Amino acid sequence: MPRQSFNDFYKAIRKGEIPRAIYLFGEEDVLKDEALKEIESQVVDPGLRDFNYDQRSAGQLDPDAVESLCHTLPMMADRRLVVIREVEAWNKRARAKTAVLHYLEKPAPETVVVLIQGSAEPDEDAELARATVSVEVARLPASRAEKWLVTRAAERGLTLEPAAIAHLVRAVDGNLAAARTELDKLAGLGGEAAITVEQVSALLGVRHGETPADWCDAVLADETGHAAAMLPHVLDRAGVSGVGLLIQLGPQLLGLGLARAHFDRGLRGGALAGAVFQGLLRARPGRLDYRASAERWSRLADRWPLPRVRAALAGALAADRRLKSTTLADERGVLVDLIMQLAHRAREAA
């Protein structure tokens with residue numbers, strides 16, 4: 001059966017176009033829950049929810065339970081909803097999975113089955129995908145995460161200044177669950193005035209312009225002193241590590257390499273950004289705003305000849321190995337060394 005983008009899928013279910021069998025997988029659990037809530041509103045009468053809505057964990061199901069769940073007729077309604085969560089618990093030989101796949105060969109018209117895979121296993125299960133309408137629920141790029149944040153803030157009676165919205169998204173690295181938690185905290189501030197970037201910074205303990213994403217931007221832009229100076233503040237954040245910063249930097253360096261390759265073929269300006277954007281659409285890397293990334297890498301391409309990109313990737317890999325090889329490694333020192341290596345390569349390239 002076909003795979004759908006999350007956007008197309010969400011638009012369809014809001015119109016009441018609900019497939020009989022749906023499989024949600026990918027990084028963003030918040031969006032999975034929001035999609036499920038919309039499906040429930042379309043399929044299940046709230047007054048009959050106890051009769052027509054069943055939710056189970058995959059690891060607790062046996063074949064008989066699958067048969068009962070999927071073939072039970074709805075009570076005083078046209079359809080019923082069956083949700084099976086944590087399907088990543090099934091291995092290829094799981095008997096419950098075999099029973100579900102057998103059922104999906106000819107699903108009942110009265111039952112909507114939604115299979116939900118947790119974010120801990122973001123990759124698609126090919127067997128489930130073939131038998132369902134599969135939807136990858138990836139982490140939103142920054143521009144769409146900001147729109148999501150505006151909507152969720154309005155639901156809480158909040159208004160945030162544009163700079164505050166952008167800072168919050170960057171500070172939580174686009175993690176919607178974390179953003180939702182921070183919105184709940186902001187809701188306690190009260191008042192009718194728009195929440196400022198200073199208020200958000202104070203709440204998060206993350207100064208504006210000093211997020212992991214800001215650090216990556218400074219490294220790519222050859223702002224050596226700024227990148228080194230912000231490291232203590234970035235690394236002091238809960239959940240941020242040197243290895244994590246390198247994980248964010250790696251795709252940025254690869255993107256620069258893509259932009260430079262097109263630059264060397266003679267593309268410039270909008271044509272260059274467009275070619276990089278098309279490359280991102282084909283590769284579909286996660287956690288990037290494709291349009292904004294393509295434009296940023298294209299602006300920087302003239303500073304990053306391919307030998308410099310390759311050296312930067314090798315330096316980042318060496319730094320990653322240093323950080324992982326010993327508990328004695330000074331994260332800040334290792335990353336400052338990397339920044340200085342990249343600055344030296346920049347002087348050579350010039």
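1. Contact here means heavy atoms within 4.5 Å, and buried means under 20% relative accessible area, with a 1.4 Å probe and protein chains only. Helices (H or I, at least four residues) and strands (E, at least two) are DSSP runs, numbered from the N terminus.

2. This is a predicted model, in which local features need pLDDT of at least 70, side-chain atom pairs count only at pLDDT 80 or more, and totals for chains, interfaces and linings use all residues. Residues are numbered from 1 along each chain as its sequence is written, and side-chain values use heavy atoms, with hydrogens and water left out.

3. The protein chain contains 17 helices and six strands. Of its 350 residues, 47% are buried. Among contacts with a separation of 6 or more, 75% join residues 24 or more positions apart.

4. Strand β4 (residues 80-85) is largely enclosed by the rest of the structure, because five of its six residues are buried. Strand β3 (residues 53-57) pairs with β4 in the parallel sense over five bridges; pairing requires at least two DSSP bridges between the strands. Y53 stands opposite L81 of β4. From β3 the chain passes through helix α4 (residues 63-71) to β4, a right-handed β-α-β crossover.

5. β4 also pairs with strand β5 (residues 111-116), in the parallel sense over six bridges. V83 has V114 in β5 as its bridge partner.

6. In helix α8 (residues 162-171), the buried residues are A164, I165, H167, L168, V169 and A171. These pack against α7 (142-155), α9 (176-187) and α10 (197-204).

Note on methods. Buried < 20%, exposed > 50% of the residue type's maximum accessible area, 1.4 Å probe, protein only. Right-handed = clockwise from strand over helix to strand, strands pointing away.
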